[in-house]
Amino acid sequence: MTVAIVVTLDVMLARRKMRSKELAERIGITEVNVSLLKSGRVKGVRFETLEKICKVLDCQPGDILEYRPDPGESL
Amino acid sequence: MEVNSIPPVNKGLCRGAAALAGVTSIAFIAGNVAMWMVPEWTEMVARDASNMQTQRIFITPLVRWVGLGVTTLYLGVLAWGLLSMRTLFQRLAVGDVFVAETGMLLRRFGKALLAYAALTPVVRSAMALLVTHDPVAHEAFLSFGIDDYEIIVALIGVLILAFGSVMADATRIADESREII
């Protein structure tokens, strides 16, 4: 099943000129987990983690998560 | 009682339980073979397996071999369950708690207990027929009964089966949780 929620964290990191390693250190998760999050290979993000990312990157959840529905898919 | 106050899995205890389960499974099978093979012990095991404590029994070479085969197969079910339990305790001892195998091994042990409980009255009846069969008069005793022991073992088997399913569900939840950052 294709997930319609796309993580655009890499775009936000590029805008803030921040490396994954620095983000990982500042929000207190491993670099591997940041990498997994960036690639969208996770089932979910805790509100706590989302809050820390938004705080460090000074952005809104909508800036790092995007809903891209499949045109042919219906509920 | 708070969840946090529940102590973690005791690894030393698990290692000991794994060793005990392994030794017990082998002892059951080896002990049964020895009982049927040593002539002085055969009557005792035949009476015990058939629950024919006072009736006249006939131990012929055929009875000995068939008795050995039937009881070994029957005890083999329990030994299989105990070996599953041994593997389960080995996994727990190295910290593999929420892995797919633990639920499967628990369910296997539950199934073994349930099968053992269901087989016990059947094997006892078959053994009664076998050991009381008079080769001259061609007469034999047939008895059938269910002990409270078998009921308790069956209930424990069902309980462990249910816990195996709960464990499999908990493992799935733990897997999902690991994928949430």
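What follows is a short chat about a predicted model with chains A and B.

Q: Let's start with chain A. What does its secondary structure come to?
A: Chain A has 5 helices and 2 strands. Starting at the N terminus, the order of its elements is β-α-α-α-α-α-β.

Q: And what box do its C-alpha atoms fill?
A: Taken along the principal axes, the C-alpha atoms of chain A fill a box of roughly 40 × 20 × 20 Å.

Q: How many residues is that, and what share is buried?
A: Chain A has 75 residues, and 31% of them are buried. As for its contacts between residues at least 6 apart in sequence, 65% join residues at least 24 apart.

Q: Switching to cores. How many residues are in the largest nonpolar one?
A: The largest nonpolar core has 29 residues. Those with the most contacts inside it are Trp36(B), Leu113(B), Tyr116(B), Met127(B) and Val131(B).

Q: Which helices supply it?
A: In chain B, α1 (11-37), α2, α3 (61-93), α4 (100-132) and α5 (148-178) each supply at least two residues of this core. The most comes from α4(B), which gives 10 residues.

Q: What other core is there?
A: Another core, of 20 residues, lies apart from the largest one. Leu9(A), Leu13(A), Met18(A) and Cys54(A) are among its residues.

Q: Back to Tyr116(B). What does it touch?
A: Leaving out residues up to four places away in sequence, Tyr116(B) touches Tyr74(B), Leu75(B), Val77(B), Leu78(B), Tyr149(B) and Val153(B).

Q: Leu75(B) is on that list. Where does it lie, and is it buried or exposed?
A: Leu75(B) lies in helix α3 of chain B. Its relative accessibility is 14%, so Leu75(B) counts as buried, the cut-off being under 20%.

Q: And what does Leu75(B) touch?
A: Setting aside residues up to four places away in sequence, Leu75(B) touches Phe28(B), Ile29(B), Asn32(B) and Tyr116(B).

Q: How do α1(B) and α3(B) pack?
A: Their axes are 8 Å apart, at an angle of about 175°. Angles over 145 degrees count as roughly antiparallel, so α1(B) and α3(B) are roughly antiparallel to each other.

Q: What classes of residue make that contact?
A: The contact of α1(B) with α3(B) has 21 nonpolar, 9 polar and 4 charged residues.

Q: Now α2(B) and α4(B). At what angle do they cross?
A: They cross at roughly 135°, and their axes come within 7 Å. That angle makes α2(B) oblique to α4(B).

Q: Which residues make the contact there?
A: From α2(B), the contact is made by Ala46(B), Ala49(B) and Ser50(B). From α4(B), the residues are Arg124(B), Met127(B), Ala128(B) and Val131(B). By class, the contact has 5 nonpolar, 1 polar and 1 charged residues.

Q: What about Ser50(B), buried or exposed?
A: Ser50(B), found in helix α2 of chain B, has 0% relative accessibility and counts as buried. Ser50(B) touches Arg124(B), Met127(B), Ala128(B) and Val131(B), not counting residues up to four places away in sequence.

Q: Where is Arg47(B) found?
A: Arg47(B) is in helix α2 of chain B, which covers residues 39-50. Arg47(B) is buried, at a relative accessible area of 15%.

Q: What does the side chain of Arg47(B) reach?
A: The Arg47(B) side chain reaches the backbone oxygen of Met52(B) at 2.8 Å. With residues up to four places away in sequence left out, Arg47(B) touches Met52(B), Gln53(B), Thr54(B), Gln55(B) and Ile57(B).

Q: Last topic, the loops. What is the phi of Asn51(B)?
A: Asn51(B) has a positive phi of about 60°, although it is not a glycine. Asn51(B) sits in the loop between α2 and α3 of chain B, and at 45% relative accessibility Asn51(B) counts as partly exposed.

Q: And the phi of His138(B)? What is it, and where is the residue?
A: His138(B) has a positive phi of about 55° and is not a glycine either. Its place is the loop between α4 and α5 of chain B. The relative accessibility of His138(B) is 58%, so His138(B) counts as exposed, which takes over 50%.

Methods. Residues numbered from 1 in each chain as written. Chains lettered and ligands numbered in written order. Predicted model: local features only at pLDDT ≥ 70, side-chain atom pairs only at ≥ 80, totals over all residues. Heavy atoms only, no water. Helix = DSSP H or I, 4+ residues; strand = E, 2+ residues; numbered from the N terminus. Buried < 20%, exposed > 50% of the residue type's maximum accessible area, 1.4 Å probe, protein only. Polar contact = N/O pair within 3.5 Å; in protein donor to acceptor, adjacent residues only side chain to side chain. Contact = heavy atoms within 4.5 Å. Core = buried A, V, L, I, M, F, W, Y, C linked by side-chain atoms within 4.5 Å. Axes fitted to C-alpha atoms, helices over the stretch in contact; angles between N-to-C directions. Parallel < 35°, antiparallel > 145°, perpendicular 65-115°, else oblique. Nonpolar A, V, L, I, M, F, W, Y, C, P; charged D, E, K, R; others polar.
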